[in-house]
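Please keep the sequence and the structure in view while reading.

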Amino acid sequence: MWKRVTIVLSSFMLLNACGSEDASSDTTDEITLMLDWYPNAVHSYLYAAEEKGYFEEENIDVDIQFPANPTDPTNLTGAGEVDLAMSYEPTVLMSRDEGLPVVTVAPIVQSPLNHIMTLSESGIETPADLEGKTVGYPGGATNEPIVEQVLAHADLTMEDITLTDVGFDIGPALVSGSVDAIVGAYINHEYPLLQQEGHDISYMNPVEKGVPSYDELVLIANENELAENEEVYERFWSAASKGYEVVKDDPDNGLELLLKHEEKEEFPLNEDVEQASMDILLEQMETEERAFGEVSEEESEQVAAWLYETGLVDEKPDIEDALQPLNDHES
């Protein structure tokens with residue numbers, strides 16, 4: 001992405017009247033939900049649920065907020081300042097290792113969107129082609145281990161490349177020739193955007209080079225708040241799941257509903273890019289192996305082992321504790 005959100009929005013709680021027993025109660029429960037970024041195609045299911053009245057049917061009032069910086073969703077959820085947030089599976093596990101009481105309640109995107117991208121004209125097509133090249137990245141704890149694993153696929157090490165932090169201007173860094181490749185680029189955003197700008201882009205999927213297939217985006221909650229207010233969270237997920245079905249059945253309608261919530265001042269959306277993004281995302285939000293919101297303990301165990309082996313966590317995460325899926329409670 002070109003840059004992360006730089007506006008500051010106040011975060012406030014909470015689930016008022018959490019003692020309601022069912023959605024037929026006259027009491028409306030408020031849930032604060034922080035996105036991982038500005039509204040875009042991956043959030044369409046939330047806006048579909050809102051526009052179709054599914055949250056209202058469940059007596060849920062959802063306050064959708066945007067982060068001031070990339071760490072806000074996880075940190076504020078762990079601090080109990082927001083009820084739900086969009087985060088990343090590795091981030092959740094690393095945050096738990098640091099003592100934050102955050103858990104995954106629903107995978108949203110079930111495989112990595114982060115790919116290594118190059119200009120096709122560069123001739124860089126395989127990990128071996130990266131030898132002697134400069135790779136740009138936007139910081140972040142997992143990008144370097146991803147590159148390291150991809151290089152190992154060709155018996156190379158980090159000493160065989162130059163890794164340089166280019167901030168969030170990773171697309172411009174690539175097309176300007178400042179770097180030969182970029183990591184931290186998303187297949188559903190940078191790829192269609194650069195393609196639309198007229199650049200022929202090649203990419204490597206890290207999963208095909210030995211990186212475990214982690215859930216790129218997950219919905220998270222504070223495990224203590226979840227235990228106290230589980231019924232409210234379950235009603236939220238019931239409505240959100242219906243929103244996903246709307247988007248899945250009619251992606252064009254889902255995109256239309258999203259665009260009604262476009263942040264035109266801070267982050268105007270490119271409709272063609274979001275359409276391409278939607279096509280990519282829908283293939284990863286639900287698969288033959290997993291329904292939308294369904295966890296995979298087996299894959300998460302592999303992610304936990306990878307984080308431990310790469311030194312990103314001090315102790316191997318307990319996946320049973322880290323995964324508390326809401327869809328297990330759906331009737």
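Helix α4 is followed by Gly99, a residue with a positive phi near 100 degrees. The model is predicted, and the values below are computed from it.

- Helix α4 spans residues 89–97, and its buried residues are Glu89, Pro90, Val92, Leu93, Met94 and Ser95.
- The cover over these buried residues includes the helices α3 (72–78), α12 (297–309) and α13 (319–322).
- Strands also take part in covering the buried residues of α4, among them β3 (84–87), β4 (102–109) and β10 (217–222).
- As a general point, an α-helix has 3.6 residues a turn, so residues three or four places apart point the same way.

**Salt bridges**

- The count of salt bridges in the model comes to 10.
- Arg96 counts as partly exposed because its relative accessibility is 22%, which lies between the limits of 20% and 50%.
- Glu223 is likewise partly exposed, at 25% relative accessibility.
- Another salt bridge joins the side chains of Lys260 and Glu51, with a distance of 3.0 Å from N to O.
- Here too the pair links distant parts of the chain: Lys260 lies in the loop between α10 and α11, Glu51 lies in helix α1, and the two are 209 residues apart.
- Lys260 counts as exposed at 56% relative accessibility, whereas Glu51 counts as partly exposed at 30%.
- Lys316 forms a salt bridge with Glu301, and the closest N and O atoms are 3.0 Å apart.
- Because Lys316 lies in the loop between α12 and α13 and Glu301 in helix α12, this pair ties together parts that are 15 residues apart in sequence.
- Both partners are partly exposed, with relative accessible areas of 41% for Lys316 and 33% for Glu301.
- Asp29, Glu231 and Arg235 are linked in a network of salt bridges.
- In general, side chains of opposite charge can pair when their charged atoms come close.

**A negative patch on the surface**

- A patch of negative charge on the surface gathers Asp249, Asp250, Asp252, Glu256, Glu271, Asp272, Asp279 and Glu283.
- Helices α10 (251–259) and α11 (271–285) each supply at least two residues of the patch.
- Helix α11 provides the largest share, four residues.
- Glu271, one of the patch residues, has its place in helix α11.
- The relative accessible area of Glu271 is 48%, so this residue is partly exposed.

**Loop residues with positive phi**

- Asn59 is not a glycine, yet its phi is positive, near 55 degrees.
- Asn59 sits in the loop between α2 (54–57) and β2 (60–65).
- With a relative accessible area of 13%, Asn59 is buried, because buried means under 20%.
- Asp155, also a residue other than glycine, has a positive phi of about 60 degrees.
- The loop between α5 (143–152) and β7 (162–165) holds Asp155.
- Asp155 counts as exposed at 73% relative accessibility.

**Two further loop residues**

- His43 is located in the loop between β1 (29–34) and α1 (44–51).
- The relative accessible area of His43 is 0%, so this residue is buried.
- When neighbours within four places in sequence are left aside, His43 is in contact with Leu35, Asp36, Trp37, Tyr38 and Met86.
- Asp200 is placed in the loop between α7 (190–196) and β9 (201–204).
- Asp200 counts as exposed because its relative accessibility is 51%, and exposed means over 50%.
- Not counting residues up to four places away in sequence, Asp200 touches Thr118, Leu119, Ser120 and Gln195.
- Asp200 and Val183 are 17 residues apart along the chain, and their C-alpha atoms are separated by 17 Å.

How values were computed. Residues numbered from 1 in each chain as written. Predicted model: local features only at pLDDT ≥ 70, side-chain atom pairs only at ≥ 80, totals over all residues. Heavy atoms only, no water. Patch = residues over 30% accessible without salt bridge, like charges linked within 9 Å, V, L, I, M, F, W, Y side chains within 5 Å. Areas by Shrake-Rupley, 256 points an atom, 1.4 Å probe, with all protein chains shown as cover. Salt bridge = Lys/Arg side-chain N within 4 Å of Asp/Glu carboxyl O. Lys, Arg positive; Asp, Glu negative; His and termini not counted. Charge placed at Lys NZ, Arg CZ, Asp CG, Glu CD. Buried < 20%, exposed > 50% of the residue type's maximum accessible area, 1.4 Å probe, protein only. Contact = heavy atoms within 4.5 Å.
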